[in-house]
Amino acid sequence: MLKTIRCTLMRGGTSKGPYFQAHDLPAEPAERDRVLLAAMGSPHIRQVDGIGGGDTLSSKAVVVSPSSREGIDIEYLFAQVSVDQSTVDTMPNCGNMLAGVGPYAIENGLVKAGDPVTTLRILNRNTGKVVEAIVQTPGGKVSYEGDTRIDGVPGSGAPIVLNFLDAAGAKTGRLFPTGNRIDVVDGIAVTCIDFASPLVFVAAESLGRIGHESKQVLDADTGLKARLEKIRLEIGRRAGLGDVSASVLPKIALVATPERDGSITSRYFTPWTCHSAFAVTGALCLAAACSIEGTVPAAYARRNAADPNLITIEHPAGGLSIRMGPAADSTPENPEFAVAGLVRTARPLFIGVVHVPMTAAGLAA
């Protein structure tokens, strides 16, 4: 027996996956997760019996629902569906997939389109934080065509502006989850910062690397990955997250001086393989850390004298720019950011139904 469930497969930024409306999925989390696993074809390294892409960047799902909260237009829940294990993680957030939430909500009649743009306030249920999305809707219809290019995606598209509001302490409640701008683990200085999501930064040179290596080189470097995982586990404990051996949070990244005209070079791990580009939430963390003296990234960052609030991150696929908006009462001792913005693109890949084996999903006939 197969159960059909409506969904839209979308590319959001440099990721892709199915977008569902909440009422089309089971309300009970464990049952919902079984449905997502069956729909994506997990656990299987190729996800050959589902619509997953056999990679962490294409084994993601988004659940969208209307909101009854004042000042909120739409709510979304992000789910990282494991490729080769029977796990669904709703702890992390994904800023790339977030780029598709506004267009999806408008196209499905959950939000009324404006003209020429539609501004939505989106509640991220993973973090409880609010993001403002500005979608191009000339004539009251979503436009996906435009000249905006983002590294890691071929072609161009209409710009989708994402403004993350009050993103500090999204998962841990503190900008610096350990209470320190610098922690030392096995003699290595690291910075853990939680800005949209917790992330640990390590200077590449402190681990005997240059920080400009390719994804392929880093993925094959088992010694480096073991050291990074040891650091990540210890910082997870110090940050109050407990045993994170089975969790993707906190993520971890290498930083180095920029090769080109960017602010900083970084390699982001997901956390057990190197990202082919860079995660949006990771970029927000890095931009915040570069803006705060006394952190590991700040020591390697090259600030733009003409526009010091613009941080451009060099990554394996190119670059990604974040504009930081310091709060009016921000000080070097107590840094605060009212907003952090960036531009993404997104588009639907197919609209239809996914056929889910009822037995695999644990559903009654």
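**Spaces, rings and buried spots**

Sorted by class, the residues lining the largest cavity are seven nonpolar, three polar and one charged. (Here Ala, Val, Leu, Ile, Met, Phe, Trp, Tyr, Cys and Pro count as nonpolar, Asp, Glu, Lys and Arg as charged, and the others, Gly among them, as polar.) This is a predicted model, where local features need pLDDT of at least 70 and side-chain atom pairs count only at pLDDT 80 or more, while totals for chains, interfaces and linings use all residues. Residues are numbered from 1 along each chain as its sequence is written, and side-chain values use heavy atoms, with hydrogens and water left out.

Q: What is the volume of the largest cavity?
A: Picture a 1 Å grid over the protein atoms alone: a cavity is a set of points where a 1.4 Å probe fits but cannot get out, a pocket is an open set with protein on both sides within 12 Å along at least five of seven lines, and lining residues have an atom within 4 Å of a point. Points are joined across faces, edges and corners, and the volume is the space filled by probe spheres set on them. The structure holds one cavity of 30 Å³ or more. For the largest cavity, the volume is about 50 Å³.

Q: Which strand gives the most to the lining of the largest cavity?
A: The lining includes Lys-129, Val-130, Val-131, Phe-164 and Leu-165. The elements that give two or more residues to it are strand 7 (129-136) and strand 8 (160-165). Helices (H or I, at least four residues) and strands (E, at least two) are DSSP runs, numbered from the N terminus. With three residues, the top giver is strand 7.

Q: How much space lies in the largest pocket?
A: The pocket has 37 lining residues, with Thr-56, Gln-80, Val-248, Thr-270 and Trp-272 nearest its centre. By class, that lining splits into 16 nonpolar, 15 polar and six charged residues. The space in this pocket comes to about 800 Å³.

Q: Which element supplies the largest share of the lining of the largest pocket?
A: Four elements each supply at least two residues: strand 4 (74-81), strand 5 (88-89), helix 2 (95-98) and helix 6 (280-290). The largest share is three residues, and it comes from strand 4.

Q: Are Tyr-19 and Tyr-104 buried or exposed?
A: Go by relative accessible area: buried means under 20%, exposed over 50%, and partly exposed in between (1.4 Å probe, protein chains only). Tyr-19 and Tyr-104 get one label, and it is buried.

Q: What is the relative accessibility of Phe-278?
A: Tyr-268 and Phe-278 form a tilted aromatic pair, 5.2 Å centre to centre and 50° between the planes. Tyr-268 lies in strand 13 (residues 264-269) and Phe-278 in the loop between strand 13 and helix 6, so parts 10 residues apart in sequence are tied together. Tyr-268 is buried, with a relative accessible area of 3%. Phe-278 counts as buried too, because its relative accessibility is 1%.

Q: How many residues of helix 6 are buried?
A: Helix 6 is mostly covered. Its buried residues include Val-280, Leu-284 and Cys-290.

Q: What is the relative accessible area of Glu-229?
A: Glu-229 is found in helix 5. Leaving out residues up to four places away in sequence, Glu-229 touches Ser-245 and Trp-272. Glu-229 is buried, because its relative accessible area is 16%.

Key:
Phe/Tyr/Trp six-rings, centres within 6.5 Å; stacked < 30°, edge-to-face > 60°. Contact = heavy atoms within 4.5 Å.
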